[in-house]
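Please look at the structure shown here before reading on. The report below goes through a few of its features in turn.

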Amino acid sequence: MSAPFAFDNSFARELEGLYLPWPPTPVRAPRLLWLNAALAEELGLDPAALQGEAGAALFGGNLVPSGATPLAQAYAGHQFGGFSPQLGDGRALLLGEVVDREGRRRDIAFKGSGRTPFARGGDGKAALGPVLREALMGEAMHALGVPTTRALAVVATGEPVHRERELPGAVLTRVAASHLRVGSFEFFAARGQRDELRRLAEYAIARHDAALVGREDRFLGLLEAVARRQARLVAQWMNLGFIHGVMNTDNTTVSGETIDYGPCAFLEAYEPATVFSSIDHGGRYAFGNQPGIACWNLARLAEALLPLLADEPQAALALARPVIDAFPAWFDEAWRAGQRAKLGLAGAQGGDAALADDWLALLQAQQVDFTLAWRALAAAAAGDDAPLGALFVDRDALQAWLERWRARLATEATAPRARAAAMRRASPWIIPRNHRVEQALAAAVDEDDLRAFERLLESLLRPFEDQPGRADLAESAAPELTARYRTFCGT
Ligand code: AMP
Ligand code: MG
């Protein structure tokens, strides 16, 4: 196969000394299970040329494509609040970058491609279930309009991976705006490598915030830009009921994309304390904690960048602090704007936050499914209260709230049908429901059958459409099932 990728590897070229060149480990019997043809086209690739054995060899890591410069990135990270000075790509590799059809630079990377010098005790491998999960979740989030890394291909390696039990191994090919993380900066800051830190920051600015290039206050500008992107991102999560599950600083991107779908899951009944991750014993990354954690992670980025902000630590701190202090307001602005869209409001008024808060309190008190409730509210905007009523036990409380909501709607001129249509574009008909995701992954892993995965994915790619024929995928799980549901980091 001739060069499928037109690589242009700025990271490898410009940041020598900040990574380790490292090849993927060949795998025994690669089999291409899934190729994201739409994404391939977006990247300027020919999907037909990537099918079958060619794709298997390429995306399994057995045939390193020409122009690739595989490397393991160094990074550190605060994991559950504690600092790990050296994490890095233990089982991932950056192959290189391509400029896509829209002119955007995208990383092409592997996950599960073998041990690297950063592997510590790990085996360098990934199991098929979590790899498919990342592919599915990433595509679902993308279709929901959330910035995210995406999966280009999934290859089964034909090799076992040893976890709690033996599982089929797989390699994920991941596409990202970049793989720069808060932890990338922490790595060099913790080692006192100021020159490396500066080179990394200049690179991040050129790649993600080109308008700042050459400005004297560019490092502070970078901090603010990352904070604003994260504020918008987490606001989207909160308005969709998405729980990332492992918001460590090494999983917090500079680009503002969602990354690392290990233990993530969506809420069913609305409860801010919801935690699904088996290792999150303290509930640090519970649904309702996510905005605060994002702010905490950005404070770690601010600390790492201090040496670049000013010579005097106190002066640097005085510059960084207002950015971190502003984060909650930036988050709120994005979150409230998203809520107004979901409430069917075109403009902003004084009581809107309270109206939204009281709606959420109502959902929480009656343990109503978050996704179904928002979607049913769109029907109510068009005059049909029945779907909403069916979700509530205490209808009086709902009625009281609906009266306030309708009074607020009456202050705007939007026609009911147009309002309902706009609300349906803000509140999906379908999200990746935990029980349906697990079913699809189990069929793939245990029976080598991808039909459920394909069917679910196909539906998730048009989340804002009513799909009456797919009602089974959109229904909430039994509460007992959700109460018992646990996700695992062990990808
Ligand atoms: P993650 O939980 O995927 O964000 O990974 C956290 C850190 O653990 C990163 O440095 C990973 O490279 C490393 N890691 C996770 N799983 C493995 C594995 N199976 N082999 C080697 N390193 C791993
Ligand atoms: Mg990670």
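## Confidence of the model

This is a predicted model. The protein chain has a mean pLDDT of 97, and 99% of its residues reach 70 or more. Among the elements of the chain, the highest mean pLDDT, 99, belongs to helix H7 (residues 218-240), and the lowest, 90, to helix H18 (residues 479-484). Where pLDDT is low, the predicted coordinates should not be read in detail.

Asparagine 251 and aspartate 260 are both buried.

Aspartate 260 sits in the loop between strand S11 (242-243) and strand S12 (265-266). Its relative accessible area is 15%, and buried means under 20%, so aspartate 260 counts as buried.

## Aspartate 369

Aspartate 369 lies in the loop that runs between helix H10 (352-365) and helix H11 (370-381). Is this residue buried or exposed? Aspartate 369 counts as buried because its relative accessibility is 7%, and the cut-off for buried is under 20%.

The side chain of aspartate 369 reaches the backbone nitrogen of leucine 372 at 2.8 Å. If neighbours within four places in sequence are left aside, aspartate 369 is in contact with Glu268, Ala269, Arg433 and Ser476.

## Nonpolar cores

The largest nonpolar core has 131 residues. Which of them touch the most other members? They are Phe185, Trp359, Leu377, Trp405 and Phe453.

Tryptophan 359 can be taken as an example. Leaving aside neighbours within four places in sequence, tryptophan 359 is in contact with Ala373, Trp374, Leu377, Leu388, Phe392, Leu398 and Trp401. Another core, of 22 residues, lies apart from the largest one; Leu39, Leu58, Ala68 and Val175 are among its members.

Most residues other than glycine have a negative phi. Arginine 120 is not a glycine, yet has a positive phi of about 50°.

Where is arginine 120 found? It is in the loop between strand S7 (105-111) and strand S8 (126-127). Arginine 120 has a relative accessibility of 53%, and exposed means over 50%, so this residue counts as exposed. Aspartate 260, by contrast, is buried.

How values were computed. Residues numbered from 1 in each chain as written. Chains lettered and ligands numbered in written order. Predicted model: local features only at pLDDT ≥ 70, side-chain atom pairs only at ≥ 80, totals over all residues. Heavy atoms only, no water. Buried < 20%, exposed > 50% of the residue type's maximum accessible area, 1.4 Å probe, protein only. Helix = DSSP H or I, 4+ residues; strand = E, 2+ residues; numbered from the N terminus. Polar contact = N/O pair within 3.5 Å; in protein donor to acceptor, adjacent residues only side chain to side chain. Contact = heavy atoms within 4.5 Å. Core = buried A, V, L, I, M, F, W, Y, C linked by side-chain atoms within 4.5 Å. pLDDT = per-residue confidence, 0-100.
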